[in-house]
Amino acid sequence: MPDHEQDQGLQEARALLASARKVCVLTGAGVSAESGVPTFRGEEGLWKSFRAEELATPHAFRRDPRTVWEWYDWRRGRIRGCVPNPGHYALARLALGARSVRIVTQNVDGLHEVAAREAAGSRDPSPALPLEVHGSIFRVRCTSCTYRIPHRDRVRTESEAVLPRCPVCGSLLRPDVVWFGEALDSRVLEEAFESARGASVCLVAGTSALVQPAASVPLATLEGGGSVVEVNPADTPLTSMADVALRGPSGEILPRLVEGLLP
Ligand code: BJW
Ligand code: ZN
């Protein structure tokens with residue numbers, strides 16, 4: 001995209017955000033790509049020739065929990081070595097500013113929270129803490145009972161016998177994330193749609209907008225009469241509905257967008 005078109009898009013997006021009382025932000029894996037976290041779709045979304053759709057399912061875990069845990073242990077290892085990028089910090093600063101901003105993320109990597117705490121310094125980070133609609137890769141829960149706990153350590157995966165087990169009932173533990181075919185937490189989901197419905201702008205960054213119901217969050221803003229601003233290097237099913245589409249990596253675009261807004 002020529003520079004002047006990009007600049008014009010940025011100005012339009014800033015104008016929409018500047019006059020917005022409420023903003024909803026929806027993020028996906030692309031926002032963490034510049035931190036080194038692999039996205040799901042496209043070439044780099046593959047792990048040992050598996051696609052996410054083959055591993056992130058309750059069926060795959062029942063059939064082969066060792067392989068699924070091996071994938072999560074590999075991803076957790078990658079993510080443990082990652083830090084937020086300028087895109088995460090820009091969103092955190094936006095949310096800590098004067099406007100009412102709700103960050104809704106599909107990401108399970110925790111990087112929005114790290115950025116929120118760092119950007120807040122000694123202030124309260126809560127306005128910038130995200131709603132994590134697909135859970136957290138650094139929590140585990142029991143496949144049988146209600147046991148659930150933060151968990152960042154390596155997981156042994158050499159055999160099924162050594163996989164992590166629930167200390168309460170002895171069943172297998174699993175990552176506390178939402179797999180295909182599973183319902184999202186209804187309260188978290190309702191809060192996400194509520195914030196999108198009431199927003200004058202939904203800023204959508206780094207998502208392929210393919211996975212439901214999260215992909216419909218910006219539609220709630222449109223239905224409520226608000227606008228959509230998309231930040232992504234590629235087209236998505238949302239692009240044709242967006243009022244402004246900013247083409248490029250979010251680690252570069254979001255800081256430019258937000259700097260022009262903050263006092
Ligand atoms: C950059 C960048 C840079 C790159 N800067 N950008 C047919 C139609 C509609 C729905 C369905 C259907 N068939 C089945 C369904 C339902 C299904 C679904 O949506 N499937 C679709 C694939 C078709 N959905 C579900 O199953 C959901 N549950 C559900 O519907 O429940 C119903 C129910 C109700 C009541 C009872 C029971 C059930 C659950 C979905 C869960 C998704 N889980 C995952 C895994 C999470 C855990 C983990 O991480 O392991 O969530 S899958 C994966 O996809 C992950 C992501 O959050 C999610 C979205 O992906 P995302 O973030 O968009 O990443 P990518 O890789 O797709 O895209 C990256 C983007 O970044 C690209 O656009 C790049 O261009 C861009 N990019 N570099 C900015 N530097
Ligand atoms: Zn249990």
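Let's start with a strand pair. Strand S7, residues 201-205, and strand S8 pair in the parallel sense over 5 bridges. Two strands count as paired if DSSP finds at least two bridges between them. Helices (H or I, at least four residues) and strands (E, at least two) are DSSP runs, numbered from the N terminus.

A word on the source. This is a predicted model, where local features need pLDDT of at least 70, side-chain atom pairs count only at pLDDT 80 or more, and totals for chains, interfaces and linings use all residues. Residues are numbered from 1 along each chain as its sequence is written, chains are lettered from A and ligands numbered from 1 in the order in which they are written, and side-chain values use heavy atoms, with hydrogens and water left out.

Back to S8. Leu203 has Val229 of S8 as its bridge partner. Buried means under 20% relative accessible area, exposed over 50%, partly exposed in between (1.4 Å probe, protein chains only). Both faces of S8 are covered: Ser227, Val229 and Val231 on one side, Val228 and Glu230 on the other.

Next, the open sheet. It has 3 strands in the order S5-S4-S6, with antiparallel pairing. S5 (148-150) and S6 (173-177) are the edge strands, each pairing on one side only. Neighbouring strands here are turned by 40 degrees against each other on average, direction ignored. Axes are lines fitted to C-alpha atoms, for helices over the stretch in contact, and angles run from 0 to 180 degrees between N-to-C directions.

S4, residues 135-142, pairs with S6 in the antiparallel sense over 5 bridges. Arg141 has Arg174 of S6 as its bridge partner. Val140 has Pro175 of S6. Is S6 mostly covered or mostly open? Mostly covered: 5 of its 5 residues are buried. Helix H5, residues 65-80, lies across S4 and S6, at about 140 degrees to S4.

Now helix H7, residues 111-120. Its buried residues are Leu111, His112, Ala115, Ala116 and Ala120. Seen down the axis of H7, they fall within an arc of 160 degrees, so they line one face of the helix. That arc is taken from the directions from the helix axis to the C-beta atoms. The buried residues of H7 pack against strand S1 (22-27), helix H2 (30-33), helix H6 (86-96) and strand S2 (100-105). Contact means heavy atoms within 4.5 Å. After H7 comes Gly121, with a positive phi near 60 degrees.

On a 1 Å grid over the protein atoms alone, a cavity is a set of points where a 1.4 Å probe fits but cannot get out, and a pocket is an open set with protein on both sides within 12 Å along at least five of seven lines; lining residues have an atom within 4 Å of a point. Grid points are joined across faces, edges and corners, and a volume is the space filled by probe spheres set on the points.

The largest pocket holds about 730 Å³ of space. It is lined by 40 residues, with Ala29, Phe40, Arg41, Ser208 and Val211 nearest its centre. H2 and H5 each supply at least two residues of that lining.

The structure holds 1 cavity of 30 Å³ or more. The largest cavity has a volume of about 180 Å³. Of its 19 lining residues, Val37, Pro38, Thr39, Phe40 and Arg75 lie nearest its centre. H5 gives the largest share of that lining, 4 residues.
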